Amino acid sequence: MQASNRISTLLSGGSDGWEVFNRARQMMAEGTDVTELTIGEHDIRTAAPVLQDMHRAAMGGHTGYASIPGIPTLRDAIAARVTARTGVPTTRENVMITPGGQSALFASHMAVLDHGDTALYIDPYYATYPGTLRGASAKPVAIKARASDAFQPRAQDIAPYAAGAKSLLINSPNNPTGVVYSRETLEGIADVCKEHDLWLISDEVYDTQIWEGAHISPRALEGMAERTLVVGSMSKSHAMTGSRIGWVVAPEPIIEHLVNLATHTTYGVPGFIQEAALFALEQGEAFEAEIAEPFRRRRGLAYDILAAQNVVGVVPNAGAMYMMLDVSATGLSGEGFANALLDTHQIAVMPGESFGSAAAGHIRVAMTVDDTAFEAALNALCSFAQTLATKEK
Ligand code: PLP
């Protein structure tokens with residue numbers, strides 16, 4: 001018996017860049033003390049009051065099938081939040097609750113693409129993007145952002161691929177680079193989308209992690225609300241990764257499509273999780289800032305350490321819980337450096353190559369361990385790079 005190709009082809013084949021991560025996990029299982037700077041998960045857990053509200057909701061009986069597009073109160077809260085932050089009038093009819101941002105990404109592409117349609121995305125990219133697009137039966141096409149542009153994508157690099165394509169997926173604040181797209185970048189992207197009639201899928205799951213400047217949602221740009229699907233999530237903003245709660249904000253007909261898809265796939269999100277998500281959102285911006293604060297602080301620590309040396313380059317990260325570092329002066333690839341760092345110093349980082357070829361020669365550092373361990377790891381990383389670069393000369 002043969003299992004489906006549909007699932008096997010989600011993976012691109014060959015190295016998927018997760019070897020360093022898997023090796024680190026194996027070393028930890030065998031008792032080695034590894035400093036884990038790989039995946040984007042907070043070092044804190046979901047706040048106790050949010051869990052207490054989840055418990056209250058479950059004990060109160062919200063354990064049956066929940067409304068498939070989401071409970072009206074949560075949809076209203078998200079619509080109000082989006083309206084307040086972007087100025088785009090948004091109602092519950094524009095909001096679909098999903099089991100996390102990943103599910104929202106998949107559902108968004110299912111809602112706008114047909115089999116074999118070309119779906120564009122930007123390299124470097126969040127690791128699941130190409131598989132998500134293949135899962136939606138699309139033909140994924142990556143467009144490189146340049147390290148020399150601090151990974152702000154250029155509209156003129158996207159335009160040649162846009163003719164005949166159906167959608168473009170972007171992510172700002174960006175994982176893996178930490179780059180926040182400027183207004184100029186987003187306006188260029190919006191123009192390409194309008195000119196070539198592309199759907200824009202805007203992954204904004206890091207919108208509360210802004211260290212410099214401001215987050216701009218491209219849905220707020222002129223003529224974009226009718227062609228943009230915004231992916232949101234409580235995973236990063238409220239430290240609720242395990243609760244699997246996210247959303248899509250989109251034109252009403254797309255939401256109706258998504259409801260039909262969810263009826264035949266997820267059948268919605270548990271009511272007690274949705275109630276806890278509403279409670280968490282009601283805690284307002286101060287609570288979101290509190291959750292983002294450790295990353296802001298560690299970014300400051302990292303910049304101080306990086307400023308005192310000249311081997312490791314830093315991609316200026318204005319947001320998100322990651323730093324993208326250029327280690328090419330060591331003579332190693334990102335993957336080579338990450339492997340050597342793990343073996344020599346038991347520090348695990350992601351090779352830039354796991355996020356596409358545009359990030360070759362880089363590593364991604366997640367700022368997800370306590371300040372002392374983070375500082376120690378960054379110092380060790382920099383002196384290791386220094387040693388390698390000296391040998392290289
Ligand atoms: N989008 C980006 C850019 C991410 O980094 C992640 C998770 O790391 C997701 C989407 C999915 O988040 P979740 O499914 O936990 O909401």
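## Close-up views of a predicted model

View 1. A backbone N or O atom of glycine 101 lies 2.6 Å from an oxygen atom of the ligand, in a structure that is a predicted model. Aspartate 203 takes part through its side chain, where an N or O atom is 2.6 Å from a nitrogen atom of the ligand, while a polar side-chain atom of tyrosine 206 lies 2.7 Å from a ligand oxygen atom. The ligand taken alone exposes 400 Å², and the protein buries 94% of that area. Altogether 15 residues surround the ligand, and the closest of them are Gly101, Asp203, Ser233, Ser235 and Arg244.

**View 2. Strand β7 between its two partners.** In a regular strand the side chains alternate between the two faces of the sheet. Which residues of β7 are buried on each face? Thr228, Val230 and Gly232 are buried on one side, and Leu229, Val231 and Ser233 are buried on the other, so that both faces of the strand are covered. Strand β6 (residues 199–203) runs parallel to β7 and is joined to it by four bridges, and aspartate 203 has valine 231 as its bridge partner in β7. Strand β8 (residues 246–249), in contrast, runs antiparallel to β7, again with four bridges between the two strands, and here valine 230 stands opposite valine 249 of β8.

**View 3. The buried side of helix α2.** An α-helix has 3.6 residues a turn, so residues three or four places apart point the same way. In helix α2 (residues 19–29), the buried residues are Val20, Phe21, Ala24 and Met27. These residues lie on the same side of α2 because they cover an arc of only 125° around the axis. They pack against β1 (35–37), α12 (334–345) and β11 (347–351). After the helix comes glycine 31, whose phi is positive, near 100°.

**View 4. An open sheet of five strands.** The five strands of this open sheet follow the order β1-β11-β12-β10-β9, and their pairing is mixed. Which strands form the edges of the sheet? The edge strands are β1 and β9 (313–314), each of which pairs on one side only.

Conventions:
Residues are numbered from 1 along each chain as its sequence is written. This is a predicted model: local features need pLDDT of at least 70, side-chain atom pairs count only at pLDDT 80 or more; totals for chains, interfaces and linings use all residues. Side-chain values use heavy atoms; hydrogens and water are left out. Buried means under 20% relative accessible area, exposed over 50%, partly exposed in between (1.4 Å probe, protein chains only). Two strands pair if DSSP finds at least two bridges between them. The arc is that of the directions from the helix axis to the C-beta atoms. Contact means heavy atoms within 4.5 Å. A residue is near a molecule or strand if one of its heavy atoms lies within 4 Å of it. A polar contact is a pair of N or O atoms within 3.5 Å; within protein, one must be able to donate a hydrogen and the other to accept it, and residues adjacent in sequence count only if both atoms are side-chain atoms. Accessible areas come from the Shrake-Rupley method with a 1.4 Å probe; for residues, only the protein chains shown count as cover.
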